[in-house]
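Please find below a colleague's note on the structure shown here.

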Amino acid sequence: MIGGQAVPLTAIFQPSNHDPAAMIFWKIRLPRVLLAWLAGAGLAAAGMAFQALFRNPLATPFTLGVSSGASLGAALAVRLGWSASGLGVSGTSLGAMGGAFLAIAIVYGLARLKHDCTAGSMLLAGVAVNFFFSSLILLLQYTADFYDTFRILRWLMGGLQMVGFDAPLRVLPWVALGCVLLASLAGELNLLSVSEDLAASRGVAVNRAKTLVFLAVSCMVGVIVAICGPIGFVGLMCPHICRLLLGPDHRYLLPATLLFGGAFLVICDTAARTVFAPTELPVGIFTSFLGGPFFLWLLLKPGKLGEASA
Amino acid sequence: MMMEPALAINSLSLSIRGKPILRGVSANVGAGEVWSIIGPNGAGKSTLLKCLMRIHGGWTGKVLLRGRDLAVFSQRELARQVAYVPQAGGNQAFPFTVREYVRLGRYAWSGFFGSPHPEDATRVENAIERTDIGGLAQRTLDTLSGGERQKVFLAAALAQGSGLLLLDEPAAFLDYRHQAEVAALIRRLNQDCGVTIVSVTHDVNAALQAGGQVLALRDGEAVWNGRADDLADANVLQSIFETDFRFLEDPSTGLRLVVPQGERISA
């Protein structure tokens with residue numbers, strides 16, 4: 001098995017549970033892989049939904065500022081020491097989800113305000129939202145004590161270093177909820193990805209469908225960012241690659257994106273913790289390292305991206 | 001016994017940001033009729049269609065669809081009764097194939113979790129066959145010409161299985177051959193399938209050739225309503241378009257066609 005500490009396969013299934021190798025597998029690596037899979041699947045599905053909704057392959061929660069909104073909420077929760085938890089959801093998660101909702105509301109409002117919003121203005125709005133939230137996060141860090149600052153900074157890098165099944169189990173219901181919601185909206189996403197007017201004329205209750213998509217994305221991104229930090233570009237790359245392979249029909253695209261996104265983040269995380277072993281890199285650094293060039297490639301690719309408008 | 005009109009529009013008005021776009025438009029479209037909505041640019045023709053399809057909300061007035069108030073329809077119920085073909089143009093962000101796109105027309109009939117309707121496959125193939133786009137079925141939409149794309153849009157609306165078709169400038173930007181094909185296709189839909197057609201056009205000759213009824217809008221107001229045959233009248237056209245027209249007779253059909261009175265022609 002791959003990692004800083006070699007774990008022989010035979011050790012894993014030995015009945016003696018006190019073997020440190022078996023402990024590493026069951027208590028550290030397995031939950032980590034599960035978490036990476038869930039987070040990757042959720043982020044990829046959220047990206048797919050936003051790309052359809054904004055009819056733009058560059059529009060994802062990360063590029064439109066939803067992750068930084070969630071980050072701000074989480075940082076605020078850390079800073080104010082909201083440790084109170086309700087319904088098994090921690091204060092940080094609630095803060096991140098609130099932040100995600102806020103950012104989505106801003107993005108949504110901007111999209112509504114300028115109805116004929118082009119790809120360019122949409123992305124610029126995302127950049128502006130990102131800057132705004134980032135400056136607020138910096139402000140929080142500046143006023144925080146050393147311990148909180150480090151916690152926020154480390155968290156902002158994005159990482160999957162969790163011990164035990166607590167984290168994956170906390171993410172699971174929200175990602176599942178979001179995915180079921182998106183699965184029920186596959187037909188609506190197909191039509192919305194063509195045009196909102198057309199969707200309405202084919203019988204989609206457009207506002208209701210959009211609200212549900214925003215809700216599903218907020219649930220998933222909020223809780224994933226709260227626990228794993230803002231892991232960028234998974235939602236940009238995975239749906240795009242799946243669409244190239246399978247075409248734009250969301251009934252097939254959603255399951256493919258879930259599988260691909262999950263697998264992608266597991267592989268990225270495996271690479272992140274082995275490339276400089278025994279030093280483990282935060283996975284967010286790794287995905288951004290891949291995603292930045294991919295984003296530029298999409299932007300510069302000859303085609304009609306610039307004109308693809310609402 | 002009076003037949004219930006397919007669509008009864010009663011003083012429909014719409015203002016956007018205080019600016020009136022439609023002012024008390026009324027019309028009674030009988031089942032199986034062909035209607036052309038004409039008028040100068042900015043008269044509110046396309047907006048009227050969008051109000052009827054409830055793409056635009058916030059309008060006042062009463063619209064009855066086969067005797068039932070439009071306001072009580074769910075969007076899905078509405079789409080089973082009415083199909084709409086938007087103005088051509090606009091890039092697709094994600095290229096569907098022609099068959100996939102036509103299949104999107106079946107949305108209103110899908111069930112729980114988007115499960116397909118038993119008639120989906122036959123309806124889709126039927127629509128593709130009727131519009132004669134079988135050869136394009138595997139191509140993606142972005143590789144088609146404007147005329148081919150318009151036929152695909154019609155096929156998707158046809159797959160929707162509605163008895164009323166709202167068309168926004170179906171022949172705009174098409175070359176002559178495709179204009180003729182699309183016009184013939186629309187006529188066949190009306191005559192063979194009994195589909196009621198309401199078509200927006202800025203081209204008076206297209207309305208004259210389509211026959212049926214004409215509703216003329218100017219500045220959001222219905223300024224003329226009558227049979228297409230009666231439209232070929234200098235005073236009527238002058239009042240709609242505020243410019244002079246001359247008439248030519250098509251020797252083969254005897255149909256009067258119009259030429260706007262430009263300086264060069266009058267010289």
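The numbered points that follow discuss a predicted model.

1. Salt bridges overall. Over all chains, a search of the whole structure finds 16 salt bridges.

2. A pair between helices of chain A. The side chains of A:Asp269 and A:Arg32 form a salt bridge, with an N to O distance of 2.7 Å. A:Asp269 belongs to helix H12 (residues 250-274) and A:Arg32 to helix H2 (residues 20-53), so the pair ties together parts that are 237 residues apart in sequence. A:Asp269 is buried at a relative accessible area of 3%, and A:Arg32 is buried at 6%.

3. A pair within one helix of chain B. B:Glu181 and B:Arg177 form a salt bridge whose closest N and O atoms are 3.1 Å apart. Both residues lie in helix H6 (residues 176-193), four residues apart, about one turn of the helix. B:Glu181 is partly exposed, with a relative accessible area of 27%, whereas B:Arg177 is exposed, at 55%.

4. A further pair in chain B. A salt bridge joins the side chains of B:Arg227 and B:Asp229 at 2.8 Å, N to O. B:Arg227 counts as partly exposed, at 43% relative accessibility.

5. The setting of B:Ser110. This residue is placed in the loop between helix H3 (98-104) and helix H4 (120-130) of chain B. B:Ser110 is buried because its relative accessible area, 13%, falls under the 20% limit. Its side chain reaches the backbone oxygen of B:Tyr107 at 2.7 Å. Apart from neighbours within four places in sequence, B:Ser110 is in contact with B:Arg76 and B:Ser115.

Notes:
Residues are numbered from 1 along each chain as its sequence is written. Chains are lettered from A and ligands numbered from 1 in the order in which they are written. This is a predicted model: local features need pLDDT of at least 70, side-chain atom pairs count only at pLDDT 80 or more; totals for chains, interfaces and linings use all residues. Side-chain values use heavy atoms; hydrogens and water are left out. Helices (H or I, at least four residues) and strands (E, at least two) are DSSP runs, numbered from the N terminus. Buried means under 20% relative accessible area, exposed over 50%, partly exposed in between (1.4 Å probe, protein chains only). A polar contact is a pair of N or O atoms within 3.5 Å; within protein, one must be able to donate a hydrogen and the other to accept it, and residues adjacent in sequence count only if both atoms are side-chain atoms. Contact means heavy atoms within 4.5 Å. A salt bridge is a side-chain nitrogen of Lys or Arg within 4 Å of a carboxyl oxygen of Asp or Glu.
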